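Keep the 3D view open as you read.

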Amino acid sequence: MQRFMITDSSDVVRKVGKRILSELDFLVSEASNASEALSRCQAELPEYMIVDSGMDGALELISAIRTMEGGKEVKIYYCVIEADLKKLMMGKRAGATDFLLKPFDRKILTAVFGNRAIAA
């Protein structure tokens with residue numbers, strides 16, 4: 001089972017995401033801030049991450065993960081509220097693999113990650 005971490009300051013976003021991704025056969029953990037996410041990643045890196053762009057320290061978290069052993073293999077999805085090119089480029093420069101628009105729902109998460117859990 002592949003590990004997936006949702007890093008978002010919103011309890012609701014984390015709970016909804018966790019429920020959907022768990023149903024897609026991911027082992028899902030949550031972090032409410034960048035510091036908590038970094039600590040969890042130092043203990044065990046997930047294969048996938050969603051990092052909320054509105055969270056303090058989001059870009060620094062992505063950069064820090066990329067410097068860890070095995071950190072370059074983590075698929076990091078930078079979650080943005082709108083397709084703001086400047087914000088998207090900042091995420092890409094920090095090391096984001098791809099982007100998700102927020103709010104996400106079952107349809108979006110299934111489309112993006114549904115076949116990835118099975119492929120592992």
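Contact here means heavy atoms within 4.5 Å. Keep in mind, too, that this is a predicted model.

Let's begin with helix H4, residues 85-94. Which of its residues are buried? They are Leu88, Gly91 and Ala94. Seen down the axis of H4, these buried residues fall within an arc of 125 degrees, so they line one face of the helix. What do they pack against? The buried residues of H4 touch H3, S4 and S5. On the face turned away from that buried side, you can find the exposed residues Leu85, Lys86 and Arg93.

Look at the two ends of H4 as well. At its start, a side-chain oxygen of aspartate 84 comes to within 3.0 Å of the backbone nitrogen of lysine 86. After the helix comes glycine 95, with a positive phi near 120 degrees.

**The sheet**

Now turn to the strands. There are 5 of them in an open sheet, ordered S2-S1-S3-S4-S5, and their pairing is parallel. Strand S2 (26-31) and strand S5 (98-101) stand at the edges with a single partner strand each, so one side of each has no neighbour in the sheet. From one strand to the next, the twist averages 25 degrees.

| Helix | Strands it meets | Angle to S2 |
|---|---|---|
| H1 (residues 11-23) | S1 and S2 | about 170 degrees |

**A covered strand**

Is strand S3 (residues 48-52) mostly covered or mostly open? It is mostly covered, with 5 of its 5 residues buried. In a regular strand, side chains alternate between the two faces of the sheet. In S3, Tyr48, Ile50 and Asp52 are buried on one side, while Met49 and Val51 are buried on the other.

S3 also has partners to follow. Strand S1 (residues 2-7) runs parallel to S3 and is joined to it by 4 bridges; here threonine 7 stands opposite valine 51. Strand S4 (residues 75-80) is parallel to S3 too, with 5 bridges between them. Methionine 49 faces isoleucine 76 of S4, and valine 51 has tyrosine 78 as its bridge partner in that strand. To get from S3 to S4, the chain passes through helix H3 (residues 58-67), making a right-handed β-α-β crossover.

Methods: Residues are numbered from 1 along each chain as its sequence is written. This is a predicted model: local features need pLDDT of at least 70, side-chain atom pairs count only at pLDDT 80 or more; totals for chains, interfaces and linings use all residues. Side-chain values use heavy atoms; hydrogens and water are left out. Buried means under 20% relative accessible area, exposed over 50%, partly exposed in between (1.4 Å probe, protein chains only). Two strands pair if DSSP finds at least two bridges between them. A crossover is right-handed if, with the strands pointing away from the viewer, the path from the first strand over the helix to the second runs clockwise. Axes are lines fitted to C-alpha atoms, for helices over the stretch in contact, and angles run from 0 to 180 degrees between N-to-C directions. The arc is that of the directions from the helix axis to the C-beta atoms. A polar contact is a pair of N or O atoms within 3.5 Å; within protein, one must be able to donate a hydrogen and the other to accept it, and residues adjacent in sequence count only if both atoms are side-chain atoms.
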